Amino acid sequence: MQYDFGGLVYAEARYGDQTETSAGPNFPVGTASVIGGLTANDPVWQADGLGNSPWVGGCTYIYLKVVTNANMFPSQPEIRITVNGKNDIWDPRTSTRGFTQNWALICADVFTDTLFGLGDDTVNQSQLIAAANVCDEQVAVSALSGQTEARYTTNWHYDTAIGPGDALATMMPGAGGRLSRIGGEWMLWPAYYQGVSATFDSNALVVAPQWTPYRSIRDLVNRIDGTFTAPNYPYNVAGNQYDSNGFYA
C-alpha cells in the first residue's frame with residue numbers, strides 16, 4: 001500500500017471472521033479462506049490426500065513472504081503489524097458486539113468468553129453499564145491543547161497461554177479497579193468518586209450480622225457521674241449548703 005518492493009514482499013491476512021469456504025466480509029464473494037501462497041510455499045500447510053487444505057478459524061493471522069535481496073534488504077527487515085484485537089466484545093449499552101478499548105467491557109469479556117476467558121456469564125449488567133460509562137468519560141489531556149481522551153482504556157495484548165485470572169490481574173490496575181462478588185454476580189468497579197453516601201439493604205449481606213463491642217456491658221451505660229470538691233472558707237460563706245466553717249453540708 002505504501003512501498004514498492006518490486007515483488008519481493010507478499011502479504012495476505014485473515015481477520016478471524018472467515019469460514020471454511022469464505023475469507024470473510026473483508027474479501028470479495030467467493031474468496032477462499034485458505035491462503036494459496038501459504039499452502040504452496042509451506043509443506044505443513046499443503047493439502048492432505050483428500051484435498052483438504054488447512055485454514056485457521058476464529059483467529060486473525062497473516063501470511064508474509066519476504067524474498068532475500070541484499071540491495072533492498074541489506075539486513076533483516078523490521079516487521080510491524082497493527083492489531084486492533086477482538087471484534088466481538090459485548091456492550092450492554094448498545095446490545096452490540098465489536099472492537100473496543102473500554103476497560104470495563106474488556107474485563108467483562110475475559111469473564112464471559114467461552115474460548116479464551118472463564119466462560120462465566122454472571123457479570124452484573126447494570127453495574128457493567130455504569131462502569132463502562134465511567135471509562136468513556138472524556139478528560140482533558142492538557143489545559144492548553146483542549147484535547148480530551150477516555151478516562152480508562154485497555155491497550156494490551158497477551159498470549160493465550162496466560163490464564164484469564166492472570167490477565168485480569170494485569171488489567172485491573174489500568175483503572176485502579178477492583179472486583180466484587182455480590183449476590184452471585186461479578187461487579188466491576190473502576191476508580192471514580194461515588195459521593196459520600198451509599199444505599200443498601202439486607203440483600204447485600206453475605207452472612208447474618210454479629211455485634212461484638214470493644215467494651216464490656218458494665219462500661220456501656222448512658223449516665224455521667226461527676227466529682228465535685230467543695231472549696232473551703234473563706235472562699236465560700238455560710239449558706240447555700242455550706243456551714244459556717246465553709247465545709248459542704
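This is a predicted model: local features need pLDDT of at least 70, side-chain atom pairs count only at pLDDT 80 or more; totals for chains, interfaces and linings use all residues.
Q: Is F5 buried, partly exposed or exposed?
A: The relative accessibility of F5 is 28%. Buried means under 20% and exposed means over 50%. Because 28% lies in between, F5 counts as partly exposed.

Q: Leaving aside its neighbours within four places in sequence, which residues is F5 in contact with?
A: F5 and F73 are 68 residues apart in sequence, and their C-alpha atoms are separated by 9.8 Å. A contact needs heavy atoms within 4.5 Å. With neighbours within four places left aside, the residues in contact with F5 are M72 and F73.

Q: What is the accessible area, taken together, of the nonpolar surface patch that includes V66?
A: V66 lies in strand β2, residues 60–66. Its relative accessible area of 33% makes V66 partly exposed, and patch members need over 30%. V66 forms the patch with I62, L64, I79, I81 and V83. Together they have an accessible area of about 520 Å².

Q: Which element gives the most residues to the largest nonpolar core?
A: This core has 22 residues, and W103, A104, C107, L128, M171 and L188 touch the most other members. Two or more residues come from each of α2 (103–112), α3 (125–136) and α4 (164–171). With eight residues, the element that gives the most is α2.

Q: Which residue in β8 is the bridge partner of R178?
A: Strands β7 (residues 178–182) and β8 (residues 185–189) run antiparallel and are joined by five bridges. R178 is also in contact with L188. The bridge partner of R178 in β8 is W189.

Q: Which residue in the turn between β7 and β8 has a positive phi?
A: β7 and β8 form a hairpin, with two residues between them. One of the turn residues has a phi of about 60 degrees. That residue is G183.

Q: What pattern does the protein follow along the sequence?
A: Let's finish with the whole chain. The protein has four helices and eight strands. Read along the sequence, they follow the pattern β-α-β-β-β-α-α-β-β-α-β-β.

Q: What share of the protein's residues count as buried?
A: The protein exposes about 18500 Å², and carbon and sulfur atoms supply 53% of that area. A residue counts as buried under 20% relative accessible area. Of the 249 residues, the share that count as buried is 22%.

Methods. Residues are numbered from 1 along each chain as its sequence is written. Side-chain values use heavy atoms; hydrogens and water are left out. Buried means under 20% relative accessible area, exposed over 50%, partly exposed in between (1.4 Å probe, protein chains only). Patches are made of residues with over 30% relative accessible area and no salt bridge: like charges are joined within 9 Å, nonpolar side chains (Val, Leu, Ile, Met, Phe, Trp, Tyr) within 5 Å. Accessible areas come from the Shrake-Rupley method with a 1.4 Å probe; for residues, only the protein chains shown count as cover. A salt bridge is a side-chain nitrogen of Lys or Arg within 4 Å of a carboxyl oxygen of Asp or Glu. A nonpolar core is a set of buried Ala, Val, Leu, Ile, Met, Phe, Trp, Tyr and Cys residues joined through side-chain atoms within 4.5 Å. Two strands pair if DSSP finds at least two bridges between them.
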